[in-house]
Amino acid sequence: MQDTFLRNIRYLRISVTDRCNLRCKYCLPEDVEFFDNSEILTYDEIYKISYVMSNMGVDTIRMTGGEPLLRADCVDLISDIKKLPNIQKVRITTNGIYLTKYIDRLSKIGIDGLNISLDTLDAKLFHEMTGADRFNKVWDGIMAALERNIKVKINVVLIKGMNEHEIIPLTRLAEKYPIDVRFIELMPIDVCSSLKLEGVQYDYIMDIISSVYHDISLDSTEKGLGPAKYFKSSTMKGSIGFIDPMSHGFCDNCNRLRLTSEGFLKLCLYHNDGTNLRDLLRSGISDDSLQLAILEALRQKPLQHFFNDCAGFKTMSKIGG
(Lines give C-alpha, C1' and ligand atoms only; values in the text may rest on other atoms or scores of the structure.)
Protein backbone atom coordinates (compact mmCIF):
# COMPACT_ATOMS: atom_id res chain seq x y z
CA MET A 1 0.00 0.00 0.00
CA GLN A 2 1.54 3.30 -1.12
CA ASP A 3 0.63 6.92 -0.65
CA THR A 4 0.84 9.56 -3.39
CA PHE A 5 4.53 10.10 -2.57
CA LEU A 6 5.25 6.38 -3.16
CA ARG A 7 5.98 5.71 0.51
CA ASN A 8 5.24 2.13 1.50
CA ILE A 9 2.62 2.14 4.30
CA ARG A 10 2.95 -1.01 6.40
CA TYR A 11 2.72 0.18 10.01
CA LEU A 12 -0.53 0.91 11.89
CA ARG A 13 -0.65 2.41 15.38
CA ILE A 14 -3.96 1.65 17.11
CA SER A 15 -5.07 3.60 20.16
CA VAL A 16 -7.46 1.39 22.12
CA THR A 17 -8.33 4.01 24.75
CA ASP A 18 -7.80 7.70 25.45
CA ARG A 19 -7.69 7.06 29.21
CA CYS A 20 -4.53 6.83 31.28
CA ASN A 21 -3.68 6.18 34.93
CA LEU A 22 -0.88 8.78 34.89
CA ARG A 23 -0.94 12.54 34.35
CA CYS A 24 2.43 13.24 32.75
CA LYS A 25 2.87 17.00 32.59
CA TYR A 26 3.70 17.13 28.88
CA CYS A 27 1.00 14.72 27.75
CA LEU A 28 -2.29 14.77 29.61
CA PRO A 29 -3.75 17.96 31.15
CA GLU A 30 -5.75 17.69 34.34
CA ASP A 31 -8.91 19.09 32.73
CA VAL A 32 -9.04 16.69 29.78
CA GLU A 33 -12.45 15.22 28.93
CA PHE A 34 -12.40 11.56 27.98
CA PHE A 35 -14.51 9.95 25.28
CA ASP A 36 -17.69 8.19 26.29
CA ASN A 37 -17.41 4.40 26.02
CA SER A 38 -19.96 4.41 23.19
CA GLU A 39 -17.56 6.55 21.14
CA ILE A 40 -14.65 4.13 21.48
CA LEU A 41 -14.11 1.42 18.90
CA THR A 42 -15.26 -2.03 19.99
CA TYR A 43 -13.11 -5.13 19.98
CA ASP A 44 -14.75 -6.37 16.77
CA GLU A 45 -14.36 -3.00 15.07
CA ILE A 46 -10.64 -2.83 15.84
CA TYR A 47 -10.20 -6.41 14.69
CA LYS A 48 -12.05 -5.77 11.41
CA ILE A 49 -9.94 -2.71 10.61
CA SER A 50 -6.78 -4.68 11.42
CA TYR A 51 -7.94 -7.53 9.20
CA VAL A 52 -8.75 -5.28 6.25
CA MET A 53 -5.55 -3.28 6.54
CA SER A 54 -3.43 -6.41 6.93
CA ASN A 55 -4.75 -7.45 3.52
CA MET A 56 -3.71 -4.06 2.15
CA GLY A 57 -0.06 -4.35 3.17
CA VAL A 58 0.08 -3.49 6.87
CA ASP A 59 2.28 -6.07 8.60
CA THR A 60 3.15 -4.32 11.87
CA ILE A 61 0.72 -3.06 14.50
CA ARG A 62 1.37 -1.18 17.71
CA MET A 63 -1.22 -0.88 20.47
CA THR A 64 -1.20 2.47 22.21
CA GLY A 65 -3.41 4.71 24.34
CA GLY A 66 -3.77 6.50 26.70
CA GLU A 67 -2.66 3.42 28.54
CA PRO A 68 -3.68 0.37 26.46
CA LEU A 69 -3.54 -2.10 29.34
CA LEU A 70 -6.33 -0.18 31.08
CA ARG A 71 -8.59 -1.79 28.52
CA ALA A 72 -9.58 -5.21 29.85
CA ASP A 73 -9.73 -6.90 26.44
CA CYS A 74 -6.42 -5.50 25.16
CA VAL A 75 -4.36 -8.68 25.56
CA ASP A 76 -7.09 -10.83 23.96
CA LEU A 77 -7.25 -8.39 21.07
CA ILE A 78 -3.49 -8.54 20.60
CA SER A 79 -3.65 -12.32 20.61
CA ASP A 80 -6.28 -12.38 17.86
CA ILE A 81 -4.55 -9.76 15.73
CA LYS A 82 -1.25 -11.66 15.98
CA LYS A 83 -3.01 -14.63 14.39
CA LEU A 84 -3.85 -12.70 11.22
CA PRO A 85 -1.78 -14.33 8.45
CA ASN A 86 -0.19 -11.12 7.13
CA ILE A 87 0.69 -9.59 10.49
CA GLN A 88 4.35 -10.07 11.39
CA LYS A 89 4.73 -8.00 14.55
CA VAL A 90 2.43 -6.67 17.27
CA ARG A 91 3.91 -4.43 19.97
CA ILE A 92 2.62 -2.23 22.79
CA THR A 93 3.48 1.23 24.07
CA THR A 94 2.69 1.33 27.79
CA ASN A 95 3.50 3.24 30.96
CA GLY A 96 4.32 -0.12 32.54
CA ILE A 97 2.10 0.09 35.61
CA TYR A 98 0.05 -2.99 34.69
CA LEU A 99 2.90 -4.99 33.19
CA THR A 100 3.37 -7.31 36.16
CA LYS A 101 -0.35 -8.13 35.96
CA TYR A 102 -0.30 -9.06 32.27
CA ILE A 103 3.31 -10.02 31.56
CA ASP A 104 2.76 -13.79 31.66
CA ARG A 105 -0.14 -13.58 29.21
CA LEU A 106 1.79 -11.23 26.95
CA SER A 107 4.76 -13.59 27.00
CA LYS A 108 2.53 -16.59 26.24
CA ILE A 109 0.95 -14.96 23.17
CA GLY A 110 4.38 -13.93 21.92
CA ILE A 111 4.25 -10.14 22.15
CA ASP A 112 6.96 -8.79 19.86
CA GLY A 113 8.09 -5.89 22.00
CA LEU A 114 7.26 -3.37 24.69
CA ASN A 115 7.91 0.36 24.54
CA ILE A 116 7.76 1.62 28.11
CA SER A 117 7.55 5.31 28.93
CA LEU A 118 9.98 6.22 31.72
CA ASP A 119 11.36 9.75 32.02
CA THR A 120 13.28 9.40 35.28
CA LEU A 121 14.92 6.84 37.54
CA ASP A 122 14.19 8.95 40.62
CA ALA A 123 11.03 7.74 42.35
CA LYS A 124 10.30 11.17 43.84
CA LEU A 125 10.69 12.94 40.51
CA PHE A 126 8.61 10.23 38.84
CA HIS A 127 5.79 11.09 41.25
CA GLU A 128 6.15 14.80 40.46
CA MET A 129 6.19 14.28 36.68
CA THR A 130 3.40 11.71 36.47
CA GLY A 131 1.18 12.52 39.43
CA ALA A 132 1.48 8.94 40.74
CA ASP A 133 3.81 7.23 43.19
CA ARG A 134 4.25 4.16 40.96
CA PHE A 135 7.91 4.09 39.95
CA ASN A 136 8.57 0.75 41.67
CA LYS A 137 5.60 -0.81 39.89
CA VAL A 138 6.95 0.30 36.52
CA TRP A 139 10.45 -0.90 37.34
CA ASP A 140 9.13 -4.30 38.42
CA GLY A 141 7.31 -4.54 35.08
CA ILE A 142 10.48 -3.78 33.15
CA MET A 143 12.40 -6.44 35.05
CA ALA A 144 9.59 -8.96 34.56
CA ALA A 145 9.67 -8.37 30.81
CA LEU A 146 13.44 -8.81 30.64
CA GLU A 147 13.23 -12.02 32.66
CA ARG A 148 10.91 -13.38 29.97
CA ASN A 149 13.22 -12.25 27.16
CA ILE A 150 10.71 -9.76 25.80
CA LYS A 151 12.32 -6.95 23.84
CA VAL A 152 12.12 -3.70 25.81
CA LYS A 153 12.56 -0.12 24.66
CA ILE A 154 12.43 2.76 27.12
CA ASN A 155 10.91 6.00 25.83
CA VAL A 156 12.28 9.14 27.49
CA VAL A 157 11.09 12.72 27.07
CA LEU A 158 13.58 15.21 28.50
CA ILE A 159 12.38 18.58 29.80
CA LYS A 160 14.75 21.40 30.63
CA GLY A 161 15.00 22.10 34.32
CA MET A 162 13.19 18.88 35.17
CA ASN A 163 14.95 15.68 34.17
CA GLU A 164 17.75 16.60 31.76
CA HIS A 165 20.31 15.75 34.46
CA GLU A 166 19.35 12.08 34.03
CA ILE A 167 20.72 11.65 30.51
CA ILE A 168 23.64 9.49 31.65
CA PRO A 169 21.76 7.48 34.34
CA LEU A 170 19.09 6.63 31.77
CA THR A 171 21.72 5.84 29.14
CA ARG A 172 23.36 3.40 31.56
CA LEU A 173 20.24 1.24 31.34
CA ALA A 174 21.43 0.27 27.85
CA GLU A 175 24.80 -0.62 29.33
CA LYS A 176 23.45 -2.79 32.13
CA TYR A 177 20.50 -4.41 30.34
CA PRO A 178 19.56 -5.44 26.78
CA ILE A 179 17.36 -2.35 26.56
CA ASP A 180 17.13 0.31 23.87
CA VAL A 181 16.79 3.73 25.48
CA ARG A 182 15.15 6.25 23.14
CA PHE A 183 15.21 10.01 23.72
CA ILE A 184 12.12 11.61 22.16
CA GLU A 185 11.94 15.33 21.51
CA LEU A 186 9.15 17.18 23.27
CA MET A 187 6.47 18.05 20.72
CA PRO A 188 4.48 21.32 20.74
CA ILE A 189 1.14 20.25 22.16
CA ASP A 190 -0.92 22.94 23.84
CA VAL A 191 -0.35 21.71 27.40
CA CYS A 192 3.42 22.12 26.91
CA SER A 193 2.96 25.70 25.77
CA SER A 194 0.67 26.60 28.67
CA LEU A 195 3.12 25.13 31.21
CA LYS A 196 6.10 26.70 29.41
CA LEU A 197 7.83 23.34 29.08
CA GLU A 198 10.95 23.26 26.91
CA GLY A 199 12.42 20.09 25.48
CA VAL A 200 16.05 19.03 25.07
CA GLN A 201 17.36 18.58 21.55
CA TYR A 202 19.33 15.74 20.01
CA ASP A 203 22.66 17.56 19.62
CA TYR A 204 22.86 18.43 23.32
CA ILE A 205 21.94 14.89 24.41
CA MET A 206 24.46 13.33 22.04
CA ASP A 207 27.23 15.64 23.27
CA ILE A 208 26.57 14.54 26.86
CA ILE A 209 26.48 10.84 25.96
CA SER A 210 29.59 11.09 23.77
CA SER A 211 31.53 12.64 26.64
CA VAL A 212 31.09 9.39 28.58
CA TYR A 213 30.87 6.81 25.79
CA HIS A 214 33.75 7.85 23.55
CA ASP A 215 33.29 5.04 21.02
CA ILE A 216 29.57 5.55 20.44
CA SER A 217 28.69 5.05 16.78
CA LEU A 218 25.75 4.37 14.51
CA ASP A 219 23.95 1.06 15.16
CA SER A 220 22.58 -0.28 11.89
CA THR A 221 20.83 -3.26 13.51
CA GLU A 222 17.16 -3.56 12.54
CA LYS A 223 15.12 -2.20 15.44
CA GLY A 224 11.64 -2.00 13.95
CA LEU A 225 9.69 0.25 11.60
CA GLY A 226 9.85 3.47 13.62
CA PRO A 227 11.85 6.61 12.82
CA ALA A 228 14.45 6.34 15.59
CA LYS A 229 18.17 6.55 14.78
CA TYR A 230 20.21 4.21 16.99
CA PHE A 231 23.75 4.38 18.34
CA LYS A 232 25.80 1.92 20.35
CA SER A 233 28.95 1.71 22.43
CA SER A 234 31.07 -1.41 22.85
CA THR A 235 30.14 -1.41 26.54
CA MET A 236 26.39 -1.48 25.86
CA LYS A 237 24.08 -4.48 25.76
CA GLY A 238 21.40 -2.33 24.19
CA SER A 239 21.40 0.85 22.11
CA ILE A 240 20.57 4.54 22.39
CA GLY A 241 17.90 5.88 20.06
CA PHE A 242 16.75 9.35 19.07
CA ILE A 243 13.35 10.41 17.77
CA ASP A 244 13.70 14.06 16.88
CA PRO A 245 10.88 15.35 14.65
CA MET A 246 11.57 18.96 15.59
CA SER A 247 15.29 19.25 14.88
CA HIS A 248 15.71 16.49 12.29
CA GLY A 249 12.68 15.58 10.18
CA PHE A 250 12.11 12.04 8.94
CA CYS A 251 8.86 12.41 7.01
CA ASP A 252 10.40 11.30 3.71
CA ASN A 253 10.37 7.73 5.01
CA CYS A 254 7.03 7.78 6.85
CA ASN A 255 5.47 4.32 6.75
CA ARG A 256 2.57 4.67 9.18
CA LEU A 257 -1.05 5.48 9.79
CA ARG A 258 -2.75 6.05 13.15
CA LEU A 259 -6.15 4.84 14.29
CA THR A 260 -7.50 6.88 17.19
CA SER A 261 -9.53 5.26 19.94
CA GLU A 262 -12.78 6.73 18.55
CA GLY A 263 -12.04 5.33 15.10
CA PHE A 264 -10.53 8.20 13.14
CA LEU A 265 -7.88 7.08 10.66
CA LYS A 266 -5.24 9.77 11.10
CA LEU A 267 -2.76 10.12 8.26
CA CYS A 268 -0.14 12.16 10.12
CA LEU A 269 0.45 12.81 13.81
CA TYR A 270 -0.01 16.53 13.40
CA HIS A 271 -2.44 16.96 10.48
CA ASN A 272 -6.18 16.61 10.93
CA ASP A 273 -6.70 14.91 7.56
CA GLY A 274 -8.14 11.41 7.57
CA THR A 275 -11.47 9.64 7.72
CA ASN A 276 -13.91 8.39 10.34
CA LEU A 277 -13.83 4.60 10.08
CA ARG A 278 -16.05 4.09 13.11
CA ASP A 279 -19.06 5.67 11.43
CA LEU A 280 -18.43 3.66 8.28
CA LEU A 281 -18.26 0.44 10.28
CA ARG A 282 -21.44 1.22 12.18
CA SER A 283 -23.24 1.90 8.91
CA GLY A 284 -22.58 -1.72 7.91
CA ILE A 285 -19.84 -1.11 5.34
CA SER A 286 -18.38 -4.18 3.60
CA ASP A 287 -14.72 -5.10 3.80
CA ASP A 288 -14.19 -4.14 0.15
CA SER A 289 -15.82 -0.74 0.62
CA LEU A 290 -13.85 -0.15 3.80
CA GLN A 291 -10.66 -0.85 1.89
CA LEU A 292 -11.64 1.67 -0.78
CA ALA A 293 -12.40 4.28 1.90
CA ILE A 294 -8.95 3.76 3.42
CA LEU A 295 -7.25 4.07 0.03
CA GLU A 296 -9.17 7.26 -0.71
CA ALA A 297 -8.12 8.73 2.65
CA LEU A 298 -4.52 7.73 2.00
CA ARG A 299 -4.48 10.08 -1.01
CA GLN A 300 -4.58 12.96 1.51
CA LYS A 301 -1.49 11.88 3.47
CA PRO A 302 0.81 14.92 3.50
CA LEU A 303 4.46 14.93 2.58
CA GLN A 304 5.54 16.23 5.98
CA HIS A 305 4.40 17.58 9.32
CA PHE A 306 4.46 21.27 10.19
CA PHE A 307 5.21 21.19 13.93
CA ASN A 308 7.52 24.17 13.64
CA ASP A 309 4.94 26.37 11.92
CA CYS A 310 1.86 25.76 14.07
CA ALA A 311 0.67 26.18 17.64
CA GLY A 312 0.24 22.47 18.29
CA PHE A 313 -2.55 20.13 19.32
CA LYS A 314 -4.21 19.64 22.66
CA THR A 315 -3.36 16.18 23.97
CA MET A 316 -1.55 13.06 22.78
CA SER A 317 -4.03 10.82 24.59
CA LYS A 318 -6.70 11.73 22.03
CA ILE A 319 -4.45 10.57 19.19
CA GLY A 320 -2.43 7.70 20.57
CA GLY A 321 1.10 8.02 21.94
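I listed the buried residues of α5 and got F135, V138, G141, I142, M143, A144, A145 and L146. Buried here means under 20% relative accessible area, exposed over 50%, and partly exposed in between, with a 1.4 Å probe and protein chains only. The model is predicted, so I note that local features need pLDDT of at least 70 and side-chain atom pairs pLDDT 80 or more, while totals for chains, interfaces and linings use all residues. Residues are numbered from 1 along each chain as its sequence is written, and side-chain values use heavy atoms, with hydrogens and water left out.

**Helix α5**

I took helices (H or I, at least four residues) and strands (E, at least two) as DSSP runs, numbered from the N terminus. I looked up what the buried residues of α5 pack against: α3 (99-109), β4 (114-117), α4 (123-130), β5 (152-157) and β6 (179-184). Contact means heavy atoms within 4.5 Å.

I then checked the length of α5, residues 135-147. Its 13 residues should span 18 Å at 1.5 Å a residue, and the end C-alpha atoms are 18 Å apart, which agrees. The expected span is 1.5 Å times one less than the number of residues.

**Backbone**

Most residues other than glycine have a negative phi, and most peptide bonds are trans. I went through the exceptions.

N149 follows α5 and sits in the loop between α5 and β5. Its phi is positive, about 60 degrees, although N149 is not a glycine. N149 counts as exposed at 73% relative accessibility.

L6 also has a positive phi, near 65 degrees. I found L6 in the segment before β1 (11-15), exposed with a relative accessible area of 62%.

The peptide bond from G65 to G66 is cis, with omega near 15 degrees. G66 is in the loop between β2 (60-64) and α2 (74-82).

**α2 against α3**

I looked up the packing of α2 and α3: the angle is about 5 degrees and the axes are 10 Å apart. That makes α2 roughly parallel to α3, a label for angles under 35 degrees; over 145 is roughly antiparallel, 65 to 115 roughly perpendicular and the rest oblique. The axes are lines fitted to C-alpha atoms, for helices over the stretch in contact, and angles run from 0 to 180 degrees between N-to-C directions.

From α2, V75, D76, I78, S79 and K82 make the contact; from α3, Y102, R105, L106 and I109 do.

**Salt bridges**

I searched the whole structure and found 18 salt bridges. The criterion is a side-chain nitrogen of Lys or Arg within 4 Å of a carboxyl oxygen of Asp or Glu.

R10 and D59 meet at 2.9 Å, N to O. R10 is in the segment before β1 and D59 in the loop between α1 (43-54) and β2, 49 residues apart. R10 is partly exposed at 25%, whereas D59 is buried at 9%.

D104 and R148 form a salt bridge at 2.7 Å, N to O. D104 lies in helix α3 and R148 in the loop between α5 and β5, so the pair ties together parts 44 residues apart in sequence. D104 is exposed at 51%; R148 is partly exposed at 28%.

For R172 and E175 the closest N and O atoms are 3.7 Å apart. The two are three residues apart in helix α6 (residues 167-176), separated by about one helical turn. I also noted that salt bridges with shared partners join K151, D180, D219 and K223 into one network.
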